[in-house]
Amino acid sequence: MRDMTRRFLTLTVKDLKLLVRNHHLTIVVAVAILYALLVRFLIPGELSFEPNLVVWDQTAHGIVGRLYAEHARDSVVLVGSEKDYLAALETGNRIGLKVTGQELPAAIEVTFQGFESPRIRRVLEASLRAQVAAMLGQPTGFPTTSLRSADVKQPPFNLAMVPVLVLFEAVFLGMLLAAVLLYSEKEEQTLRAYRVSPGGIPEYLLARSVAMGLLGLVSAVVLTLLTVGAGINWPVVLAVVFLGSLVITLVTMVVANMFHGISQFFVAELILMVVLSLPLVSYFQPGLSLAPLRLLPTYPLVFALREAYFPTGSPAVMTTAVLQLLVTLGLAFPLAVLSFRRQLVVRDV
Amino acid sequence: MMKRVFAVTARDFRSSLRDFLTAWVFVFPPILALVARLFIPAVVGATVRLVTTPEVGDELIGRLKNYAVVEVVRDREALESRVLALDSSIGILGEGAGYRIILEGNESEQMAAMATVVLADALGGTAVPVRSSDLGRTSSPIHGFLAVMYALLSLMMAGSLIALSIVEDKETGCLNALTVSPLSRVEYLAGKGLLGFAMSLLIVFSMLYLMGAAPFDPVKVLVVTVTGFAAALLAGYYVGAVSDTQIAGIAGLKTTNLAFVIVPLVSLVLPEGLEFALWPFPTYWTYLAYRAVLIDGSPWPQVLWPAGIGLGLGLLLVAASLRFLHCRLLFRG
């Protein structure tokens with residue numbers, strides 16, 4: 001066991017030396033600083049949306065139009081003719097609201113772009129009806145219970161991007177790098193030499209994953225300190241980034257082992273990255289929760305990072321993520337060992 | 001000269017056939033197009049996710065389903081634990097003659113308001129009749145944006161393949177062997193670029209058609225891809241020139257690829273006054289040109305302007321780098 005640990009540490013140090021010698025540490029830190037600059041100075045804290053509602057009130061007093069102008073000036077374009085109404089709808093992703101009647105609104109016609117799903121249309125229509133009703137003094141409302149403390153605030157948009165950047169930069173770090181190291185070892189026959197040494201495949205894979213995990217931690221720490229600051233749940237951030245990086249590196253090693261060179265693997269890597277990034281759709285569109293997305297290790301990971309950076313009182317989110325990552329690791333590690341044993345030892349490639 | 005350029009391209013093509021790289025280039029677009037086709041409807045159609053109990057009645061549950069995905073759980077306890085789950089779900093409970101909305105507490109205001117609006121509307125309720133019509137557009141802005149990103153991704157891929165191919169030539173000693181051939185550096189680089197260009201065209205068009213991008217003018221896409229390829233070429237040559245090993249090459253690609261992915265994403269959220277920060281990047285102009293074709297369906301002048309600036313900037317940077325590339329890609333005997 002002691003020998004095994006020593007071999008594992010030696011391999012980890014070797015991988016780290018290789019990465020540092022090829023300027024990867026410098027680039028990881030430089031990219032993290034670049035991302036931090038983007039978050040702090042270029043990405044705004046609040047998104048400014050273009051007006052998305054075009055209102056043409058044809059009633060005598062234009063009461064709906066006036067109320068919209070008073071209550072939602074920034075999100076509404078008021079027009080006075082059909083020509084202007086259609087012209088305004090041509091721009092961007094807008095919907096139109098045509099109000100007809102004599103003194104008071106008698107009917108509303110909503111003009112959609114055409115690509116909205118039936119559900120979206122019904123929700124938008126409902127929302128418009130509720131807005132008009134509220135303006136006319138008939139507000140809708142129901143008693144509400146909040147299961148967590150009510151003072152939970154949404155983080156500013158720029159800081160909400162930090163978990164996403166950590167996922168891409170720190171967790172996905174090993175995706176291409178681990179494969180390149182593998183191919184260069186295959187090409188230089190280092191792996192063949194390694195096979196006749198007392199070192200086993202588990203130490204080799206673990207050392208590679210840990211080296212990537214450590215580099216990922218450097219990236220996450222630099223990016224976090226320069227953006228969100230030090231006041232976060234560090235144990236969870238570090239654990240999630242490290243475990244996530246381990247999982248991604250092992251998956252990468254399994255996939256990379258099926259190809260003969262980086263040029264071949266490059267395309268597979270892009271597909272792998274797109275698939276593993278899909279949970280971000282749920283991160284930005286909370287109403288979307290598809291079962292296949294929840295199975296991906298990156299799904300709990302990105303939510304756990306958000307909870308660790310911006311707590312909402314849901315520690316279970318972080319526990320679930322760590323557990324799911326451990327389970328995935330438990331599955332990925334033997335799979336990677338098997339795949340390497342089959343490919344490298346049995347087939348000698 | 002052209003004969004030698006084509007010879008380099010043909011050699012790389014044969015090598016890519018042997019490595020199944022060409023096969024992957026054919027496989028890549030359908031897979032990404034499939035991802036787009038599967039997910040865009042779900043993303044565009046996503047409203048709010050509601051959880052309720054059977055006691056609110058089948059009729060109301062049926063009506064709520066017209067607006068949102070509705071999950072029915074057995075009792076309040078199950079509803080609360082569902083609301084507390086990782087995704088954003090909002091609970092609706094029957095309470096006496098009325099209803100109560102159960103929130104987790106970390107939802108956006110918009111999401112919570114949407115649940116109220118949906119419940120109120122499902123219960124029936126307005127005196128003002130609403131009719132609806134549409135302008136007949138079938139492609140959402142998300143569709144268009146994804147098409148733009150896929151096109152940029154194709155350029156990025158082409159640049160990366162050029163870089164890796166040059167590095168491979170260095171590692172295998174092929175570059176040294178070329179010293180004794182009549183091939184010049186310009187011909188070598190042109191040959192490398194030609195295959196990358198053909199691949200990027202193939203990927204861009206197959207991806208756009210397979211993902212079902214909105215009707216677009218293929219000539220405009222061709223023009224933007226040709227002009228935008230200057231940036232991919234620059235990235236490929238630079239990384240190929242400075243990297244002696246594939247490990248170093250990946251480090252270089254990590255940096256250059258940011259220009260293809262991060263620049264367009266940042267431009268989405270950047271306040272108007274700060275957009276000048278992206279002007280030096282050729283990829284920013286290529287992004288604008290693709291946007292004009294694939295999202296806005298703009299006329300030629302609005303496509304040619306950004307495409308031209310992108311090409312000009314790209315060529316300027318290539319020209320400024322020629323001396324450096326000459327030194328780094330020295331054919332040594």
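This is a predicted model: local features need pLDDT of at least 70, side-chain atom pairs count only at pLDDT 80 or more; totals for chains, interfaces and linings use all residues.
Start with chain B. Its secondary structure comprises 12 helices and five strands. The C-alpha atoms occupy a box of roughly 90 × 45 × 35 Å along the principal axes. The radius of gyration is 27 Å, whereas a compact globule of 333 residues would have one near 20 Å. Burial comes next. In chain B, 44% of the 333 residues count as buried. Now take the contacts in chain B with a separation of 6 or more: 71% of them join residues 24 or more positions apart.

Chain A has a domain division. Domain 1 covers 2–44 + 156–346, and domain 2 covers 53–135. The centres of these two domains of chain A, taken over C-alpha atoms, are separated by 48 Å.

Turn to the interior. In soluble globular proteins, nonpolar side chains tend to be buried together. The largest nonpolar core here has 147 residues. Which residues have the most contacts inside it? They are A:Val166, A:Val240, A:Leu301, A:Ala304 and A:Leu305. Chain B also contributes: its helix H6 (residues 141–172) supplies 17 residues, the largest share of this core.

Leaving aside residues up to four places away in sequence, A:Leu305 touches A:Pro163, A:Val166, A:Leu167, A:Val237 and A:Val240. Two of these partners, A:Val166 and A:Val240, are also named among the residues with the most contacts inside the core.

Notes. Residues are numbered from 1 along each chain as its sequence is written. Chains are lettered from A and ligands numbered from 1 in the order in which they are written. Helices (H or I, at least four residues) and strands (E, at least two) are DSSP runs, numbered from the N terminus. The radius of gyration is taken over C-alpha atoms; the globule rule is 2.2 Å times the number of residues to the power 0.38. A residue is buried if 20 or more other C-beta atoms lie within 10 Å of its own, exposed if 12 or fewer, and partly exposed in between; C-beta atoms are placed from the backbone. Two residues are in contact if their C-beta atoms, placed from the backbone, lie within 7 Å. A nonpolar core is a set of buried Ala, Val, Leu, Ile, Met, Phe, Trp, Tyr and Cys residues joined through C-beta atoms within 7 Å. Domain bounds come from an automatic or database domain assignment.
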